[in-house]
Amino acid sequence: WEETRKSIVEKTSGNVDDITGLVETFIDKLENVRANAVDIVFQEEPLSSQQIQAKNVQEDLEGIKKELTGLNEEIAKDQKEDKKFENFGWDDPKIDNCQVLEGMIQRLI
């Protein structure tokens, strides 16, 4: 039981670290978008199409779009997976969550 608990905690911690890193990266990118918007508002001449395209390539706009699309798909997959566990009694105060988890592990075995 203790090994299983440690394994679950390690996996969950890893996921939390991944999500934290992703959110930090996303916030940095949002801050860049805001800074760019401020620069656009205060620029004296509009950028040419080639300058805009070069800036998009420099900031890897296509890569960001793909990353966000992948994240959206991953979230949808995780939500489907989470639905499997909705009716296992996690929210019932009368049921010990350890017993619920142990029962789930027994069914997997």
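**View 1. Valine 23, a partly exposed residue of helix α1**. Valine 23 has a relative accessibility of 42%, so this residue counts as partly exposed; that class lies between buried (under 20% relative accessible area) and exposed (over 50%), with a 1.4 Å probe and protein chains only. Valine 23 is found in helix α1, where a helix is a DSSP run of H or I with at least four residues, numbered from the N terminus. The model is predicted: local features need pLDDT of at least 70, side-chain atom pairs count only at pLDDT 80 or more, and totals for chains, interfaces and linings use all residues. Residues are numbered from 1 along each chain as its sequence is written, and side-chain values use heavy atoms, leaving out hydrogens and water.

**View 2. The nonpolar surface patch of Ile19, Val23 and Ile27**.

**View 3. The whole protein chain.** Here you can follow four helices and zero strands, in the order α-α-α-α. Of the 109 residues, 6% are buried. The chain exposes about 9800 Å², with 54% supplied by carbon and sulfur atoms.

Methods. Helix = DSSP H or I, 4+ residues; strand = E, 2+ residues; numbered from the N terminus. Areas by Shrake-Rupley, 256 points an atom, 1.4 Å probe, with all protein chains shown as cover. Patch = residues over 30% accessible without salt bridge, like charges linked within 9 Å, V, L, I, M, F, W, Y side chains within 5 Å. Salt bridge = Lys/Arg side-chain N within 4 Å of Asp/Glu carboxyl O.
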